[in-house]
Amino acid sequence: MGRPLVSFLSDYGHEDEFVGVCHGVIARRCPDARIIDITHAIPRGDVRLGALVLADALPYMPCGVHLAVVDPGVGALDGRAAVAVRTAERERMLVGPDNGLLMIAAERLGGALEAVEISHSPERLQPVSRTFHGRDIFAPVAAALAAGAPLAEVGAPIDTAELRRLQLPGANVGEDALTAHVLRADRFGNLTLDASGAELESALGTDQRDLVIEVAGKVFAARRAGTFSDVDAGELVVYEDGNRMAAIAVNQGSAAESLGIAPEQQLRVRAA
């Protein structure tokens, strides 16, 4: 049997001690745990992006406990719950704030089978800081689960139907056209859309062809292709990305800058 795993995503950054302190709390409760840092570069308080990155990453993580902390509502007296969730796929455990951060990932892992509220968990560190639940609630509970504690013993049961889900727009597939929204832009400026690769194929096929991208009244020439180098440097390419989602990039450039578009904005891709 392998070492227990805790993966960790947050908006803590690396300038301060926050990530290291959470590692230390995990190591004290579960010394054998192997910790995989997915990222700590989520923009502060950006629950939506944190949820999308978590959902994209977890299918490639080993089974274990998945800790995520992007928590702009930390400490509010009437704020969000703190939860641990067991998913259907291989009984993974997700731990974090109930603000929408966990549920896109949970749904990709077969849905939430069981959940507990952990604000008053017997595993929490005391006294609990109102501003650092990552250290005092989420990390020790994640470590306890990794060490083998049953979910029912780290919190009080809650109805999984009450867990908060983010409301995201959806794509529309037409004949030789795809209307979609930008989910996220990565550090290269590549844009992930809210259309799957299958929807992209249904609307625009898989063969290389000339396309038009319409954004806020502006029109841009692009090409349907398989990867960046299928088009010339500086050209827009519409393709299926590594997470099997429709995406737009510029070969050796930034699609986000070229199109002047931000997350959640709508665009239309059609045949030229």
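Which residue takes a positive phi in the hairpin of E11 and E12? It is Ala216, with phi near 50°, in a hairpin that has two residues between the strands.

Some ground rules before I go on. This is a predicted model, where local features need pLDDT of at least 70, side-chain atom pairs count only at pLDDT 80 or more, and totals for chains, interfaces and linings use all residues. Residues are numbered from 1 along each chain as its sequence is written, and side-chain values use heavy atoms, with hydrogens and water left out. Helices (H or I, at least four residues) and strands (E, at least two) are DSSP runs, numbered from the N terminus.

Back to the strands. E11 and E12 pair in the antiparallel sense over seven bridges; two strands count as paired if DSSP finds at least two bridges between them. Within that pairing, Val215 has Lys218 in E12 as its bridge partner. Strand E11, residues 209-215, also pairs with E15, again in the antiparallel sense, over four bridges. There, Val212 is the bridge partner of Arg270 in E15, and Glu214 stands opposite Arg268 in E15. Strand E15 covers residues 266-271 and pairs with E9 in the antiparallel sense over five bridges. In E15, Arg268 stands opposite Thr179.

How many residues of H2 are buried? Eleven of the eleven, so H2 is largely enclosed by the rest of the structure. Buried means under 20% relative accessible area, exposed over 50%, and partly exposed in between, with a 1.4 Å probe and protein chains only. The buried residues of H2 include Arg48 and Asp56. The buried residues of H2 pack against strand E1 (5-10), E2, strand E3 (65-69), helix H3 (103-108) and strand E9 (177-185). Contact here means heavy atoms within 4.5 Å.

In helix H5, residues 197-204, the buried residues are Gly197, Leu200, Ala203 and Leu204. Seen down the axis of H5, these fall within an arc of 130°, so they line one face of the helix; the arc is that of the directions from the helix axis to the C-beta atoms. Ala198 and Ser202 are exposed on the other side of H5. After H5 comes Gly205, whose phi is positive, near 75°.

His40 lies between strand E2 (34-39) and helix H2 (47-57). Is His40 buried or exposed? His40 is buried, with a relative accessible area of 3%. Its side chain makes a polar contact with the side chain of Ser10, at 2.6 Å. A polar contact is a pair of N or O atoms within 3.5 Å; within protein, one must be able to donate a hydrogen and the other to accept it, and residues adjacent in sequence count only if both atoms are side-chain atoms. Not counting residues up to four places away in sequence, His40 touches Phe8, Leu9, Ser10, Asp11, Tyr12, Gly13, His14 and Val19.

Two of those neighbours, Phe8 and Tyr12, bring us to the aromatics. Phe8, Tyr12, Phe18 and Phe132 form one aromatic cluster. Rings of Phe, Tyr and Trp (its six-membered ring) pair if their centres lie within 6.5 Å; planes under 30 degrees apart count as stacked, over 60 as edge-to-face and the rest as tilted. By this rule the count comes to five aromatic pairs. Phe18 and Phe132 form an edge-to-face pair, 5.6 Å centre to centre with 75° between the planes. That pair links distant parts of the chain, 114 residues apart: Phe18 is in helix H1 (residues 18-29), and Phe132 is in the loop between strand E6 (112-117) and helix H4 (133-146). Phe18 is partly exposed, with a relative accessible area of 28%, whereas Phe132 counts as buried at 11%.

Phe228 and Tyr239 also form an edge-to-face pair, 5.3 Å centre to centre, with 75° between the planes. Phe228 lies in the loop between strand E12 (218-224) and strand E13 (236-240) and Tyr239 in E13, so the pair ties together parts that are eleven residues apart in sequence. Phe228 is partly exposed at 33% relative accessibility, and Tyr239 is buried at 6%.

That is what I have for today.
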